[in-house]
Amino acid sequence: MTERGQQNRPEASGAEPMGEGTRKNAGMKRGDPGTRGRTTIADDVVEKIAGMAARDVAGVHALGSGISRAFGAARERVPGTTKSVSRGVKVEVGETQTAIDLEIIVVYGVSITDVAGAVRESVISAIEWMTGLEVVEVNIAVSDVKLPDEEEEEEEQPRLR
């Protein structure tokens with residue numbers, strides 16, 4: 001054995017020899033398994049969470065403008081498609097933060113400022129809890145008020161056979 005080879009052996013370096021079952025890195029803690037890799041969250045995921053959270057607030061009639069709701073209602077009539085929960089929601093997602101823009105229609109007779117505050121609180125809470133992203137802003141545009149006597153645009157229309 002060369003002198004160099006002996007220096008790398010525990011006995012030669014003055015270190016205690018490792019017994020059977022002793023780990024080389026004993027005492028060293030490994031990181032939390034949640035930090036061993038990278039998680040990315042798609043914009044669509046955050047849009048859906050925000051859309052569901054906003055719709056759960058009392059006083060919100062719908063999300064999206066009249067045009068986007070009309071296109072969405074037509075698209076939903078196509079067999080095999082589902083209702084879009086992210087209509088009226090736009091997000092920007094970074095690595096640790098997100099910003100949300102919502103377009104809502106409120107029910108006539110409610111306080112728009114109260115509804116907007118409740119929507120912000122609901123959206124921020126849901127996104128931060130489900131994704132761990134920090135919500136830096138929730139911008140809300142109220143595009144319409146649903147009057148009691150207005151017809152529902154999204155009601156199921158009778159289909160011709």
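I'll start with the core. The largest nonpolar core has 24 residues, and the members that touch the most others are Ile-100, Leu-102, Val-119, Val-123 and Ile-127. Two or more residues come from each of helix 3, strand 1, strand 2 (89-93), strand 3, helix 5 and strand 4. Helix 5 gives the most, six residues. Please keep in mind that this is a predicted model.

Now helix 5 itself. It runs over residues 112-131, which is 20 residues. From first C-alpha to last it reaches 28 Å, close to the 28 Å expected at 1.5 Å a residue. Which of its residues are buried? They are Val-115, Ala-116, Val-119, Val-123, Ala-126, Ile-127 and Thr-131. Looking down the axis of helix 5, these buried residues fall within an arc of 110°, so they line one face of the helix. As background, an α-helix has 3.6 residues a turn, so residues three or four places apart point the same way. On the face of helix 5 turned away from the buried side, the exposed residues are Thr-113, Asp-114, Glu-121 and Trp-129.

What covers the buried residues of helix 5? The cover includes helix 3 (43-55), strand 1 (60-63), strand 3 (97-107) and strand 4 (134-146). Take Val-119 as an example. Leaving aside neighbours within four places in sequence, Val-119 is in contact with Ala-54, Val-57, Val-60, Leu-102 and Ile-140. Just after helix 5 comes Gly-132, with a positive phi of about 80°.

Next, another glycine. Gly-59 sits in the loop between helix 3 and strand 1. Is Gly-59 buried or exposed? Its relative accessibility is 16%, and the cut-off for buried is under 20%, so Gly-59 counts as buried. Outside the four places on either side in sequence, Gly-59 is in contact with Ile-105, Val-106, Val-107, Val-110 and Val-115. Val-115 is also one of the buried residues of helix 5. As for Val-106, its C-alpha is separated from that of Gly-59 by 5.6 Å, although the two residues are 47 apart along the chain.

Last, confidence. The mean pLDDT of the protein is 78, and 61% of its residues reach 70 or more. Over residues 68-72 the pLDDT stays under 50, and the model has ten contacts for them beyond four places in sequence. Residues 154-159 are also below 50, with seven contacts in the model beyond near neighbours in sequence.

Definitions and conventions. Residues are numbered from 1 along each chain as its sequence is written. This is a predicted model: local features need pLDDT of at least 70, side-chain atom pairs count only at pLDDT 80 or more; totals for chains, interfaces and linings use all residues. Side-chain values use heavy atoms; hydrogens and water are left out. Helices (H or I, at least four residues) and strands (E, at least two) are DSSP runs, numbered from the N terminus. The expected span of a helix is 1.5 Å times one less than its number of residues. Buried means under 20% relative accessible area, exposed over 50%, partly exposed in between (1.4 Å probe, protein chains only). The arc is that of the directions from the helix axis to the C-beta atoms. Contact means heavy atoms within 4.5 Å. pLDDT is the predictor's confidence in each residue, from 0 to 100. A nonpolar core is a set of buried Ala, Val, Leu, Ile, Met, Phe, Trp, Tyr and Cys residues joined through side-chain atoms within 4.5 Å.
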